[in-house]
Amino acid sequence: MANMMVIGVDIGGTHMRSALVDSEGQIILRRRTFSENSSGASRATERLIQECRALMDDAARLGGRVAAVGLGVAGKIDSENGRVMFSPHLPALNGHPLASELRDRLEIPVVMENDANAFGIGESWMGAGLGLDNWIGVTLGTGVGGCLFLGGRLWQGDQLGFVGEVGHMIVHPDGPRCACGQNGCLEAHASASALLEGVESAASRGILAAGPLFDFWRARKLTAERVFHCANQGNAVAQALFQRMGWALGLALANLFRVLGIRHAIIGGGVSSGWDQFIIPLEKSMSQYSCMLDIGVIDVRRSVLGDDAALLGSARLAVNVVN
Ligand SMILES: [Zn+2]
């Protein structure tokens, strides 16, 4: 019998990353392409099918066979019916039966999950969540995603299409506007978008008027990485934005730990590379809001799998389907 392999796919707003993975979680081959989100649902689906077919051909060349595909997609996901309900960063896919169409075209099982849940499944399988029963996952990217593991399992709530959305916990009701339409969400303080909007606000109010951070902003070349770099170089505006990020994360986690009676969190996503700038403010904030919490036993960890967490989590979902 041919070697069983699966495909894991992480679909983001601009890029789609996919990998051929064996049942032990070893990545055999990777691919990366544009997600074609702006060209509409059918182009995006065709691109995904092309990527999967290319990996299925690779698997056959290696004497293997792809048994299932797992998809991680940002947004509200109807896993049961294989449909994207609502995706703020992939609007073309809103309402689109992405997983069921893929299943019909490829004629193999296809499962789909929210990307932050996929991140959690990946970290739980072979990352920072290995051996942990109860923990909160937070992904810091363009937005802020979250997942919850309770009793060793991904918490699914009442199957409403969303769960563990820590990014939209309100940490400051009079705070900045969030992409979801509310004011003061964690996401509006702790995401790449929050960093960029914070710089925009400082520049438009004249608080930031010179230096490399200002130059990046003026040239429209600002990225979260550049804000981090400027914070490391001592820029006060950039440092204040990371302090605000740490403050908001510490407040949100202190509240969640207390409500759930748990003490572990794993932070991942691209913006977690700013860890050195936000972890001390996070710990300070958590101490400040620590009523009932024993700070000494709190354990906030950094993702081990980095960019591969959601990819491997999606692959794990596919492995579970065939096992
Ligand atoms: Zn929000």
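Which residue stands opposite Val111 in β7? Gly70 does. This is a predicted model: local features need pLDDT of at least 70, side-chain atom pairs count only at pLDDT 80 or more, and totals for chains, interfaces and linings use all residues. Residues are numbered from 1 along each chain as its sequence is written, and side-chain values use heavy atoms, with hydrogens and water left out.

Start with the strands (DSSP runs of E, at least two residues, numbered from the N terminus). Strand β4 covers residues 64-73 and runs parallel to β7, with 5 bridges joining them. Strands pair if DSSP finds at least two bridges between them. Strand β7 spans residues 110-114. Because 4 of its 5 residues are buried, β7 is largely enclosed by the rest of the structure. Buried means under 20% relative accessible area, exposed over 50%, and partly exposed in between (1.4 Å probe, protein chains only).

Leu29 sits in strand β3, residues 27-34. Leu29 is partly exposed, at 31% relative accessible area. Ile28, Leu29 and Leu62 form a nonpolar surface patch with about 220 Å² of accessible area together. Such a patch takes residues with over 30% relative accessible area and no salt bridge, nonpolar side chains (Val, Leu, Ile, Met, Phe, Trp, Tyr) being joined within 5 Å. A salt bridge puts a side-chain nitrogen of Lys or Arg within 4 Å of a carboxyl oxygen of Asp or Glu. Accessible areas come from the Shrake-Rupley method with a 1.4 Å probe, and for residues only the protein chains shown count as cover.

The whole structure holds 2 cavities of 30 Å³ or more. A cavity is a set of points, on a 1 Å grid over the protein atoms alone, where a 1.4 Å probe fits but cannot get out; lining residues have an atom within 4 Å of a point. The largest cavity has a volume of about 50 Å³, the space filled by probe spheres set on the points. Its lining includes Ile11, Met16 and Leu98.

Terms used:
Patch = residues over 30% accessible without salt bridge, like charges linked within 9 Å, V, L, I, M, F, W, Y side chains within 5 Å. 1 Å grid on protein atoms, 1.4 Å probe; cavity = no way out; pocket = protein on both sides within 12 Å on 5 of 7 lines; lining within 4 Å.
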